[in-house]
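Hi,

Here is the structure I promised to pass on.

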Amino acid sequence: MESAKTVRNKQVLFRRFLTGAPTEENMQLRTAEAELRVQAGSGAVLVKNLFLSCDPYMRGRMRDYYGSYIPPFQPGKVIEGFGVSKVIDSDNPNFSVDDLVYGITGWEEYTLILKVEGLRKIEISDIPLSYYLGLLGMPGFTAYAGFNEVCSPKKGELVFVSAASGAVGQLVGQLAKLNGCFVVGSSGSNLKVDLLKSKLGFDEAFNYKDEPDLDLALKRYFPSGIDIYFENVGGRMLDAALLNMRPHGRIAVCGFVSQNGVSDPEGIRNLSRLISMRVRMQGFLQSDYLHLFPDFLSKMAEYYRQGKIVYIEDIAEGLESAPKAFVGLFSGRNTGKQVVCISRD
């Protein structure tokens with residue numbers, strides 16, 4: 001029997017649990033070896049990783065905490081995340097050599113995937129591969145399910161999106177416009193504010209760093225109040241939004257990126273507004289709505305083809321850039337969806 005080919009395999013390892021903001025020192029680059037063959041009878045798939053996704057939820061996996069919906073990374077092991085990959089060997093009847101796939105993979109050049117249940121084939125060939133980590137991936141589906149199912153939008157409603165130029169927020173705003181809503185987004189730089197209005201179609205946008213009083217800023221853009229708040233930030237922004245919600249408003253809680261890097265998160269002072277304004281505030285996970293995924297995929301792909309939705313990416317080149325790219329999420333360094341390109345073939 002011919003021996004399996006062995007290649008060098010660059011990897012990003014998780015070094016240790018953390019309590020504050022992630023740093024590049026929490027990750028380590030290493031070169032190991034990988035056999036380019038899947039063991040017979042394993043049902044596994046061996047992939048070459050092409051693009052990796054940097055997502056804020058991964059910060060939660062860097063804590064020594066087992067009570068979440070997803071377990072923590074293990075020190076000394078390869079970091080995991082969503083990726084786009086090419087199958088180079090398979091012992092699974094559902095996947096063949098040269099198939100392009102997306103799902104959870106390792107932060108490394110080659111990954112042996114033993115649990116293939118969450119792996120999906122890429123069937124649509126006229127959309128950039130990296131978009132399967134954003135527009136057609138977990139962030140896109142989070143925006144689609146969160147806005148349509150949790151927010152239940154109606155034409156003419158007033159929508160506020162925080163972290164609006166990020167992977168999820170940029171799509172929420174565009175979906176809101178497609179639903180006939182008035183949309184305002186907040187972001188952390190004047191460049192991002194300009195992108196929101198000039199490229200992503202938001203009606204208005206503001207740089208929260210230039211606003212000493214977020215309550216007054218929201219009153220300026222929403223003098224009659226907010227019907228829908230798509231929450232990505234938490235902290236002071238959530239407190240200000242609560243003061244400006246209209247009766248029977250909805251808040252979809254997607255993330256608290258402003259609190260992800262702190263060991264003592266800020267408390268929220270204005271929750272009583274939920275009572276007086278009869279506001280519904282709901283947290284959610286995109287995995288709650290997987291029955292809608294086929295509908296999401298076909299609709300979002302068609303919106304993109306028709307030019308009704310655009311998508312902004314921030315692509316870092318090379319696996320070596322992954323730690324810096326990930327850490328940058330928590331200071332707003334990225335513009336758009338943060339992706340790491342390992343290989344384009």
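This is a predicted model: local features need pLDDT of at least 70, side-chain atom pairs count only at pLDDT 80 or more; totals for chains, interfaces and linings use all residues.

Start with aspartate 55, which sits in the loop between β3 and β4 (80-90). Is aspartate 55 buried or exposed? Its relative accessibility is 3%, so aspartate 55 counts as buried. Its side chain has a polar partner there: the side chain of lysine 337, at 2.6 Å. Leaving out residues up to four places away in sequence, aspartate 55 touches Phe82, Met138, Pro139, Phe326, Leu329 and Lys337.

Lysine 337 belongs to strand β15, and with a relative accessibility of 1% it counts as buried because the cut-off for that is under 20%. Again skipping residues up to four places away in sequence, lysine 337 touches Ser53, Cys54, Asp55, Leu133, Gly134, Pro139, Ala167, Gln170, Tyr311, Ile312, Glu313 and Asp314. Pro139 is on that list, and Pro139 is also touched by aspartate 55.

Just past the end of α1, serine 152 has a positive phi of about 45°.

In soluble globular proteins, nonpolar side chains tend to be buried together. Here the largest nonpolar core has 52 residues, and Phe147 and Met300 have the most contacts inside it. At least two residues of this core come from each of β3 (45-53), α1 (138-150), β8 (158-161), α2 (169-178), α3 (190-198), β11 (226-231), α7 (293-305) and β15 (337-341). Which of these elements gives the most to the core? That is α1, with six residues. Residues of this core come from both domain 1 (6-134 + 312-341) and domain 2 (138-287), so the core lies between the two.

Not counting residues up to four places away in sequence, phenylalanine 147 touches Thr142, Ser152, Pro153, Val159, Val172, Leu175, Ala176, Asn179, Cys181, Ile228 and Phe230. Ser152 in that list is the residue with the positive phi just after α1.

On the domains themselves: the assignment gives domain 1 as 6-134 + 312-341 and domain 2 as 138-287. Their C-alpha centres lie 29 Å apart. Across the boundary, 20 residues of domain 1 are in contact with 18 residues of domain 2.

Glutamine 286 is another one to find, in the loop between β13 (280-283) and α7. Glutamine 286 and aspartate 345 are 59 residues apart in sequence, and their C-alpha atoms are 30 Å apart in space.

Aspartate 98, in the loop between β4 and β5 (100-106), has a positive phi near 80° although it is not a glycine. Histidine 248 is not a glycine either and has a positive phi of about 65°. Histidine 248 is in strand β12 (residues 245-253), and it counts as exposed because its relative accessibility is 51%, where the cut-off for exposed is over 50%.

Finally, the whole chain. How many helices and strands does the protein chain have? There are eight helices and 15 strands. The radius of gyration is 21 Å, close to the 20 Å that the globule rule gives for 345 residues, so the chain is as compact as a globular protein of that length. Along its principal axes, the C-alpha trace spans about 75 × 45 × 35 Å. Buried residues make up 52% of the 345. Of the contacts between residues at least 6 apart in sequence, 69% join residues at least 24 apart. The chain exposes about 15600 Å², and carbon and sulfur atoms supply 50% of that area.

Cheers

Terms used: Residues are numbered from 1 along each chain as its sequence is written. Side-chain values use heavy atoms; hydrogens and water are left out. A nonpolar core is a set of buried Ala, Val, Leu, Ile, Met, Phe, Trp, Tyr and Cys residues joined through side-chain atoms within 4.5 Å. Buried means under 20% relative accessible area, exposed over 50%, partly exposed in between (1.4 Å probe, protein chains only). Helices (H or I, at least four residues) and strands (E, at least two) are DSSP runs, numbered from the N terminus. Domain bounds come from an automatic or database domain assignment. Contact means heavy atoms within 4.5 Å. A polar contact is a pair of N or O atoms within 3.5 Å; within protein, one must be able to donate a hydrogen and the other to accept it, and residues adjacent in sequence count only if both atoms are side-chain atoms. The radius of gyration is taken over C-alpha atoms; the globule rule is 2.2 Å times the number of residues to the power 0.38. Accessible areas come from the Shrake-Rupley method with a 1.4 Å probe; for residues, only the protein chains shown count as cover.
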